[in-house]
Amino acid sequence: MSDATVGIERCIVQIKAGDTSVRGELINYAYDRLLRMTRKMKNQYERVGRWEQTDDILQNASLRLYQALHQVQITDMRHFFRLAALQIRRELIDMCRHYHGPHGLGANHFTQRRPAAAEGSVQPQLYDRAEVSQDPRRMQEWAEFHVAVQELPQREREVVDLLWYHEMNQEEAAKLLDVSPRHVKRLWRSAKLLLHQRLHGEIPGE
């Protein structure tokens, strides 16, 4: 068990005992995992990269998690990781929807008209190439991916939460779920098959 996991477990024990002062500490232990997830996603969002900083996305996701901790009684580490993955997924879905589509901020951004090259010549408005490239399609694919994960059967979704969102290995996930690594592998394979079917084989990032 890693130091971070030990710390998370300790915080959960204290929260269950009524010490809510460690909620912020619990967020800090999740910070590195959330940061890696948002950076991983942001690297795929070429268009969003010009609007959002990784720290802004992380702050929103952390705020979601902090608010959720006020509303939900965490029962154990498994519950915490599931809740954390849900909040980061919701943040990324909202980000996709905010920037994708005909009314999205990124989709409607354009640069100023260039000065005329010569008297009497008028150059058209120049849209940022990043805004009219394949980025909108990629954004839509990512949004669909997160929605599809959310709609997986509970067992498959939990494995995706741990392996994909929290970047655990199969042995770590198996220990947390109290099942064999072989069972985790089976659920991971099932989840990927369901996602391929739902997304017609177009899973972003693969």
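Tutor: Read along the sequence, the protein follows the pattern α-α-α-α-α-α-α-α, with eight helices and zero strands; helices (H or I, at least four residues) and strands (E, at least two) are DSSP runs, numbered from the N terminus. This is a predicted model, in which local features need pLDDT of at least 70 and side-chain atom pairs count only at pLDDT 80 or more, while totals for chains, interfaces and linings use all residues. Residues are numbered from 1 along each chain as its sequence is written, and side-chain values use heavy atoms, with hydrogens and water left out.

The pLDDT, which is the predictor's confidence in each residue on a scale from 0 to 100, averages 75 over the protein, and 68% of the residues score at least 70. Confidence is lowest in helix α2 (residues 23-42), with a mean of 73, and highest in helix α8 (residues 181-198), at 95. Over residues 101-117 the pLDDT is below 50, and this stretch has 35 contacts in the model beyond near neighbours in sequence, a contact meaning heavy atoms within 4.5 Å. The pLDDT is also below 50 over residues 121-134, a stretch that has 27 contacts beyond near neighbours in sequence. Of the 206 residues of the protein, 43% count as buried, that is, under 20% relative accessible area, where exposed is over 50% and partly exposed lies in between (1.4 Å probe, protein chains only).

The buried residues in α6 are Glu-156, Arg-157, Glu-158, Val-159, Val-160, Asp-161, Leu-162, Leu-163, Trp-164 and Tyr-165.

The aromatic residues come next. A search of the whole structure finds three aromatic pairs, where rings of Phe, Tyr and Trp (its six-membered ring) pair if their centres lie within 6.5 Å, and planes under 30 degrees apart count as stacked, over 60 as edge-to-face and the rest as tilted. One of them joins Phe-145 and Trp-164 in a tilted arrangement, 5.2 Å centre to centre and with 55° between the planes. This pair links distant parts of the chain, since Phe-145 is in helix α5 (residues 135-150) and Trp-164 in helix α6 (residues 154-165), 19 residues apart. Trp-164 also pairs with Tyr-165, this time edge-to-face, at 5.0 Å centre to centre and with 70° between the planes. Both Phe-145 and Trp-164 are buried, and so is Tyr-165.

Following the chain onward, α6 is followed by Glu-167, whose phi is positive, near 55°. Asn-169 then caps the N-terminal end of α7, with a side-chain oxygen 3.1 Å from the backbone nitrogen of Glu-171; a polar contact is a pair of N or O atoms within 3.5 Å, and within protein one must be able to donate a hydrogen and the other to accept it, while residues adjacent in sequence count only if both atoms are side-chain atoms. The buried residues of helix α7 (residues 170-177) are Ala-173, Ala-174, Leu-176 and Leu-177. They cover an arc of only 165° around the axis, which puts them on the same side of α7, the arc being that of the directions from the helix axis to the C-beta atoms. On the other side of α7, Glu-171 and Lys-175 are exposed. Just after α7, Asp-178 takes a positive phi of about 60°.

Elsewhere, Ala-61 in helix α3 (residues 54-71) is buried, with a relative accessible area of 1%. Leaving aside its neighbours within four places in sequence, Ala-61 is in contact with Gln-87, Ile-88 and Glu-91.
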